[in-house]
Amino acid sequence: MLEAQDLQAITQVMLQAMEQQKQGIVQEIKGFVAEEIAASEQRMMQRITVMVDEKIAASEQRMMQQMTVMVDEKIAASEQRMMQQMTVMVDEKIAASEQRMMQQITAMVDEKISAAEQRITKNSVAMMEAYFNPKFNLLAEGQQAIREKVEALEDLRTLSDRVDVLEVVVQTHSREIANLKRAQ
């Protein structure tokens, strides 16, 4: 028949084994969660990169179209004015006019480009905030759900471990009671 010290030693050994088993399970869960988060972040970054590249390409194309139209309009207007002035003015007036026109066009183009860049920057920031903020919120909610599931799993594993211990103790006690009854 086992004595109390023996039972305590057996119980201690079983508790240690269950603790080691619990630690292994916790490590597995942590590893799984870390892998899932890393994979999710990688997929997210790929999607973001593709989206940003597409937005930048579309923006550049629109900018080139707008600049082409603007430059074509400015050139056409300049040519028309210069043709009218050529018939009226002497060669010196034509040269001075061309020089002034080129400076004005350059300044105007620079201003237009600067204004377009500012608008593009503002629009890009606004689009990125509108697109990414909901995605990040969804990602945070998904991570919270995973954490809750992991906590629930840990609680279930703890209860399972305790039930296993109780089963062993009940079996041991049942045997001891049966032995005591036979001994009487």
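Contact means that heavy atoms lie within 4.5 Å. The model is predicted: local features need pLDDT of at least 70, side-chain atom pairs count only at pLDDT 80 or more, and totals for chains, interfaces and linings use all residues. Residues are numbered from 1 along each chain as its sequence is written, and side-chain values use heavy atoms, with hydrogens and water left out.

**Exercise 1.** Determine where Ser78 is found and which residues Ser78 touches.

*Solution.* Begin with the helix: Ser78 is found in α1, which covers residues 4-88 (helices are DSSP runs of H or I with at least four residues, strands runs of E with at least two, numbered from the N terminus). Next, leave out residues up to four places away in sequence; Ser78 then touches Met101 and Ile105. Finally, consider the accessible area: Ser78 is buried because its relative value is 7%, and buried means under 20% with a 1.4 Å probe, protein chains only.

**Exercise 2.** Describe the overall form of the protein chain from its helices, strands and spans.

*Solution.* First, the protein chain has 2 helices and 0 strands. Second, its C-alpha trace spans about 140 × 20 × 15 Å along the principal axes. Third, the radius of gyration is 39 Å, whereas a compact globule of 184 residues would have one near 16 Å (taken over C-alpha atoms; the globule rule is 2.2 Å times the number of residues to the power 0.38).

**Exercise 3.** State what share of the residues counts as buried and what share of the contacts joins residues at least 24 apart.

*Solution.* Of the 184 residues, 13% count as buried. Among contacts between residues at least 6 apart in sequence, 83% join residues at least 24 apart.

Terms used. Buried means under 20% relative accessible area, exposed over 50%, partly exposed in between (1.4 Å probe, protein chains only).
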